[in-house]
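Hi everyone, thanks for coming. Have the sequence and the model open while I talk, and let's walk through a few spots together.

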Amino acid sequence: MGIKKINIGKNLLAENDKIAEENFLLLKEKRILSFNLMGSPGAGKTKILERTIPYIKKKFGCGVIEGDIAGTFDSKRLEKFKIPIVQINTGGVCHLDAFMIKKGIEKLPLDEIKILFVENVGNLVCPAEFKIGIEKNIVVSSITEGEDKSVKYPLIFKISDVCLINKTDLLKFLKTDIKKIERNILTINKNLKIIKISAETGENVSAWINYIFSEYRKYNLG
Amino acid sequence: MHELTIVTNLIKFLEKLSRKEKAKKVLSINLKINPYSCLDEENINFIFSNLVKNNRLLENAKIYISRNIDFISREVIVESVEMETENGN
């Protein structure tokens, strides 16, 4: 009998990360710019898509992958736009992983799409832990969630490119200090681009749309 | 919930490794994660011990998690595994 210690260095998510890389390369080859919308349940992810899609649709073909644990409520809300939507039900799993995204992408008419939105499962924890091969990570944080979410759930703010602070129309009813929200977010990730919007009233949604278009131009130059 | 994915992958990996190394028992596993990950040592061990009940190879193994501030990847790395073998080789 003996005891030995072996040094390994193996990534337990290697299989997921490999598929994520394949997703990333396929979208790159097809010149589709993709956005992964993450955030708490009720942060306004679907509402933001409802506000965003009409502007994008006028210029480019777009598609959506909807991730939910169960049900098709979100994809039903987007049906009116007559764009390709794939609903993924994770069946209890709290996040979308690279394989689910791969299956979603396979169902989309990729030659008709220039911009792809992924709406992740409503959750501030798990979606951040998995690479899925989507170009831009967007965290939606609504002002009704309080001022401290970035500090309590740092990873999702660390890995995101943009934070959409949503529901600014409710500021007049709440004691929430939006400056404090911004300060907290920037202590976690000083490079995070913050855009304050109200998907309900449409206030400042144009800044978010301009971001998408300017990223699309950059993406196609690269 | 995502702990389940990690633990399931870990068990598969340990079973394969043990066959290769002819291990009798796995004693401990060191995992390295980024400092912001929500993975938690106690929670991971709880899920692991429930999944390896009556599995003589793995049932006594303990998982240790280290968080390195310089480790900014979202990978979950098995750094080392300690095991009991027939002759220690």
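Let's start with Lys82(A), which counts as exposed because its relative accessibility is 73% (buried is under 20% relative accessible area, exposed over 50%, partly exposed in between, with a 1.4 Å probe and protein chains only). Quick housekeeping: this is a predicted model, where local features need pLDDT of at least 70 and side-chain atom pairs count only at pLDDT 80 or more, while totals for chains, interfaces and linings use all residues. Residues are numbered from 1 along each chain as its sequence is written, chains are lettered from A and ligands numbered from 1 in the order in which they are written, and side-chain values use heavy atoms, with hydrogens and water left out.

Back to Lys82(A): it has a positive phi of about 50° although it is not a glycine. You'll find Lys82(A) in the loop between helix 3 (73–78) and strand 4 (85–89) of chain A. Helices here are DSSP runs of H or I with at least four residues, strands are E runs of at least two, and both are numbered from the N terminus.

Asn204(A) also isn't a glycine, and its phi is positive too, near 60°. Asn204(A) sits in the loop between strand 8 (193–196) and helix 8 (205–221) of chain A. At 37% relative accessibility, Asn204(A) counts as partly exposed.

Now the sheet. In what order do the seven strands of the open sheet run? In chain A the order is 4-3-5-2-6-7-8, with parallel pairing (two strands pair if DSSP finds at least two bridges between them). Strand 4 and strand 8 of chain A are at the edges with a single partner strand each, so one side of each has no neighbour in the sheet. Inside the sheet, strand 3 (residues 62–68) and strand 5 (residues 115–119) of chain A pair in the parallel sense over five bridges. Val64(A), for one, has Phe117(A) in strand 5 of chain A as its bridge partner.

Last stop, two helices. The axes of helix 1 (residues 14–29) and helix 4 (residues 98–106) of chain A come within 8 Å and cross at roughly 30°. Axes are lines fitted to C-alpha atoms, for helices over the stretch in contact (heavy atoms within 4.5 Å), and angles run from 0 to 180 degrees between N-to-C directions. That makes helix 1 of chain A roughly parallel to helix 4 of chain A (angles under 35 degrees count as roughly parallel, over 145 as roughly antiparallel, 65 to 115 as roughly perpendicular and the rest as oblique).
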